[in-house]
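Hi,

Here is the structure I said I would pass on. Have a look at it first, and then read my notes below.

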Amino acid sequence: MATLQAATTSTGAIVSDPQAVRKLCESYCFGTLNWEVTEDGELTIWGYDDFEVYETRENGLPDYEGGIVTHEFLRELADHLEADEEFDIQTAGFTKCRFPVLAKRYVVRDGEVLHADLSSLDTIDE
């Protein structure tokens, strides 16, 4: 059986209401990823897993049947970032030498959520 090996890290972003963001993060499951909101209100996410967010069941376990809700979490988070703050989350990983490798990025800024991965190709101009 092949196992995904991935790493996720984020920049730190200052949030307007640290307690509300802690409550928001506690209401979701991040797999084995860690998250922290410091006393100064800086949010970071990191760990050795893919950045996928699930809702939390009453027993504290991820609700896999409900599906991945990463975009919903990030849209909620966007409302809590301080003005001019940018939250950048990147994941890279692989499953043995299988194609494709995992690479994705989410950026939350100015109230919007941006996503990038390796699925698009653009022509290189001379």
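This is a predicted model: local features need pLDDT of at least 70, side-chain atom pairs count only at pLDDT 80 or more; totals for chains, interfaces and linings use all residues.

Gly111 counts as exposed, because its relative accessibility is 57% (buried is under 20% relative accessible area, exposed is over 50% and partly exposed is in between, with a 1.4 Å probe and protein chains only). You'll find Gly111 in the loop between strand 8 and strand 9 (112–117). Its C-alpha atom is 13 Å from that of Phe73, and the two residues are 38 apart along the chain.

Residues are numbered from 1 along each chain as its sequence is written, and side-chain values use heavy atoms, with hydrogens and water left out.

Now the strands. Strand 7 (residues 86–94) pairs with strand 1 (residues 5–10) in the antiparallel sense, over six bridges (two strands pair if DSSP finds at least two bridges between them). Strand 7 also runs antiparallel to strand 8 (residues 102–109), and eight bridges join them.

Thr91 is worth a click. With a relative accessible area of 4%, Thr91 is buried. Its side chain makes a polar contact with the side chain of Thr8, at 2.7 Å (a polar contact is a pair of N or O atoms within 3.5 Å; within protein, one must be able to donate a hydrogen and the other to accept it, and residues adjacent in sequence count only if both atoms are side-chain atoms). A polar atom of the Thr91 side chain also lies 3.5 Å from the backbone nitrogen of Phe51. Leaving aside neighbours within four places in sequence, the residues in contact with Thr91 include Ala6, Asp49, Asp50, Leu102 and Lys104 (contact means heavy atoms within 4.5 Å).

Next, the aromatics: there are four aromatic pairs in the structure (rings of Phe, Tyr and Trp, the last by its six-membered ring, pair if their centres lie within 6.5 Å; planes under 30 degrees apart count as stacked, over 60 as edge-to-face and the rest as tilted). One of them is Phe51 with Tyr106, edge-to-face at 5.8 Å centre to centre and 65° between the planes. Phe51 sits in the loop between strand 5 (42–47) and strand 6 (54–55) and Tyr106 in strand 8, so the pair ties together parts 55 residues apart in sequence. Phe51 and Tyr106 are both buried. Tyr54 and Tyr64 are also edge-to-face, because their ring centres are 4.8 Å apart and their planes are at 75°. Tyr54 is buried at 13% relative accessible area, whereas Tyr64 is exposed at 55%. Tyr28, Phe30 and Phe73 form one aromatic cluster.

Last, the helices. Helix 1 (residues 18–26) packs with helix 2 at about 175°, with the axes 11 Å apart (axes are lines fitted to C-alpha atoms, for helices over the stretch in contact, and angles run from 0 to 180 degrees between N-to-C directions). The two helices are therefore roughly antiparallel (under 35 degrees counts as roughly parallel, over 145 as roughly antiparallel, 65 to 115 as roughly perpendicular and the rest as oblique). Val21, Leu24 and Cys25 in helix 1 meet Phe73, Glu76 and Leu77 in helix 2.

Cheers

Note on methods. Helices (H or I, at least four residues) and strands (E, at least two) are DSSP runs, numbered from the N terminus.
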